[in-house]
Amino acid sequence: MTGPSDPHPAAPLKVLLAKPGLDGHDRGLKVIAMALRAAGAEVVYLGMRKTVEQILTAAADEDVDVIGLSILSGAHLALGRSLLAERSEHGLDATPVVIGGTIPAADARTLVTLGAHVFPAGSNLDEVVAGVFAAAGRRQCGSGSGA
Amino acid sequence: MPDRRAFDTAVEHLAPVVTDSGIPVAPLYTAADVTGDLEARLGLPGQPPFTRGPYPTMYRDQPWTMRQFAGFGSSEDANARFRYLLAQGQTALSVAFDLPTQLGYGSAHPLAQAEVGRVGVAIDTADDMAELFDGLPLDHLSVNFTINATAPVILAFYLVAAERQGVAPTRLAGTLQNEILKEFLARKTYVFPPAPSMRLVADVVEYASEHLPRFNPISVTGYHAREAGCDAVQELAFTMASAIAYSEELIGRGLSFDTFAPRLSFHFATTLDLFEEAAKLRAARRLWHEIATGRFGATRPESARLRFFSGCSGATLTAQQPLNNIVRSTIQCLGAVLGGAQSIHVMGYDEAHELPSEEAVTIALRTQQIVAEESGVTRTIDPLAGSYYVEWLTDELHRRARDLIDEIDQLGGAVAAIGAGVPQRWIAEAAYRIERDITDGRRVKVGVNRYVDDTATETQLRLFEVSDDVRERQCERTARRVAARDASAHESAMRNLDVVARHGSNVMPALVECARAGSTLGEIGALLRSVFGEHEEPSPW
């Protein structure tokens, strides 16, 4: 964990969290936001009912390290695919995308093939947090290994 | 003579435990824990304060209504699922709408692109609604509509669908959720700001109290706050605080409490802490009686008689070892029955992965049928009454919820508290605590943090798939209908709606005119957005 005694503090990992589309189930996204904060990350909480365009614009403006999405409406393939594809138009090709929610295994594999990191419903909270750090090539302990 | 001191000594080393809502529980309860006039707190079934049930006969007369929530794709797709469920012995319908319909966007709207027909059925016009119930006689069915921000529009479409079947509004039975406060609080399909939203809720309730004597025009709901993470005490308090806010809104426009209160219905979750949940539901009836008589001076017994629908909890189900969810749902269904539910929905065991498959929906219905017809729990009314523990817990939940209602009153009531984002924060914090407790092993989830099956390969489920061309078909169909409608009738109905919405009279008659004229939900939604504006959630942090 990042702590005050850390000898080489890196800039905190900066994560944008949003719900694309019209889905309103924001329990998971808020829990992840609190867990990431507790692990020392800086969270830009964009909230729900955002278009792919709004999310990518905010990610570029805020210069975040990771984009985190939560989708429980079944629209994960369509929305995930378009966000991953449109990253380049915002100069975000290298920005990792982590997707959580109600995502069947076959769809999770598809999203992984397209370049996303996927944590379906039932994932362990600590593993999700570690996974977000790892997606950005950072270690959660804040030992200065980050980008 | 029992030796209490010896007993206390024998149990004093036991570690303290709490209920799911954090209420400390003693190893044993006795008559000494149920003090005061218990008979007065209980009454009899069908009699104030209704702790033992809203009706004198309860399940001895007929079991609860088995109402599985269903809907997806187009109106024909959903109609086929409805027919299937009725053929399987389901006794009423419960319609799920897709997100564009819930949010007042037509299926062709850019924001609707990935969402048409996904979490429910897509309804763009009154014609779609008529097709949804094709061949299903609306004078013989009770229909529940999970719809909120656009509830007045959906009700107007439904009235026109009934009209085309030749069914008079007075014969329609069912429930419109029409509960916007819990949308701001937890479910999040709000559209308009709180003030116009409360007005639309009241328009529907007022219209129904004049025209729809068998229909529940609102279902005051704690379910979604519970699913979003709050505990049983908060669920009770949020529900009652919301019921108070709606009642004040209606009284504010000149209605007497006794004209609308008998048609208010309620909706609670039932989770896994069996006795706490049964006690919560018993406490809810007593609490509403206290509020209806004490705060609002109800004079008719029905005005203070709480009836509710119980949705079993999806948030307690797990993605891991999904068949275990059938057992969890059985316990939850039992809790709802021991709590005296009027209707129940049981979750599909696969819902942590996808919308429930037909197999999962059938098992959920069979779960209810087994509890109703094999377990024998329906033989006598309120069988837990008189249990020292359950009565103590009922009193405790009642007391704690009343204290929290006082606290919400101090914040200015439900509308002000929710407007300031206060209970939303309580819910998010509670959700985080639960997740932390599961992750750290303080809260047991079988198959997740205990009895984990490391050898399990990918779960094989027969998942439900919505066909990909639903949106295309739906857009084509709506375009065809728009082209075929009488344009001048539509335009004049919309102009009238605009005037009514701006000037504050009841929108329902104008909406029924729009529905008859073939105006679409997307067109009506856009008009109401232009009049009322849109709500943006305050930042949670």
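Q: Let's begin inside a sheet of chain B. Which residue of β7(B) does Ser142(B) stand opposite?

A: Ser142(B) faces Ala173(B) in β7(B). The model is predicted, by the way, so read every feature here as part of a prediction. The two strands involved are β6 (residues 142-146) and β7 (residues 173-176) of chain B, and they pair in the parallel sense over four bridges.

Q: Where do those strands sit in the whole sheet, and how many strands form it?

A: Five strands of chain B form an open sheet, ordered β4-β5-β6-β7-β8, with parallel pairing. The strands at the edges are β4 (69-70) and β8 (215-216) of chain B; each has a single partner strand, so one side of each is left without a neighbour in the sheet.

Q: How do I read which way the side chains of a strand point?

A: The general idea is that side chains in a regular strand alternate between the two faces of the sheet. For a case, go to chain A: from β4(A), Val97(A), Ile99(A) and Gly101(A) point one way, while Val98(A) and Gly100(A) point the other way.

Q: Is β4 (residues 97-101) of chain A largely enclosed or left open, and why?

A: Five of the five residues of β4(A) are buried, so the strand is largely enclosed by the rest of the structure. As for its partner, strand β3 (residues 66-71) of chain A runs parallel to β4(A) and is joined to it by five bridges. Within that pair, Gly68(A) stands opposite Val98(A).

Q: What pattern does chain A follow along the sequence?

A: Reading along, you get β-α-β-α-β-α-β-α-β-α. That's five helices and five strands. Of the 147 residues of chain A, 51% count as buried.

Q: And how many helices and strands does chain B have?

A: Chain B has 21 helices and twelve strands. Of its 541 residues, 52% count as buried.

Q: Which domains does the assignment give for chain B?

A: The assignment gives domain 1 (56-439) and domain 2 (470-532). Their centres, taken over C-alpha atoms, are separated by 27 Å. Where the domains meet, 33 residues of domain 1 are in contact with 24 residues of domain 2 of chain B. On the domain 1 side, α5 (126-132), α6 (151-164) and α8 (194-211) of chain B each supply at least two residues. That side divides into 19 nonpolar, ten polar and four charged residues.

Q: What should I look for when I search for a core?

A: In soluble globular proteins, nonpolar side chains tend to be buried together. Here, the largest nonpolar core has 199 residues, and Ala156(B), Phe157(B) and Met240(B) touch the most other members. Helix α10 (residues 232-252) of chain B gives the most to this core, with twelve residues. The core also draws at least three residues from each of domain 1 and domain 2 of chain B.

Q: What does Ala156(B) touch, leaving aside its neighbours within four places in sequence?

A: Ala156(B) is in contact with Met508(B), Leu511(B), Val512(B), Cys514(B) and Ala515(B).

Q: Is Ala243(B) buried or exposed, and why?

A: Ala243(B) has 26 C-beta neighbours inside 10 Å, so it counts as buried. You'll find Ala243(B) in helix α10 of chain B. Not counting residues up to four places away in sequence, Ala243(B) touches Val220(B), Leu264(B) and Trp288(B).

Q: How many residues does each chain give to the contact between A and B?

A: Chain A gives 27 residues and chain B gives 35 residues. On the side of chain A that touches chain B, the largest share, four residues, comes from α1(A). By class, that side of chain A has 13 nonpolar, nine polar and five charged residues.

Conventions: Residues numbered from 1 in each chain as written. Chains lettered and ligands numbered in written order. Predicted model: local features only at pLDDT ≥ 70, side-chain atom pairs only at ≥ 80, totals over all residues. Core = buried A, V, L, I, M, F, W, Y, C linked by C-beta atoms within 7 Å. Buried ≥ 20, exposed ≤ 12 C-beta atoms within 10 Å, placed from the backbone. Domains from an automatic or database assignment. Contact = placed C-beta atoms within 7 Å. Nonpolar A, V, L, I, M, F, W, Y, C, P; charged D, E, K, R; others polar. Pairing = 2+ DSSP bridges.
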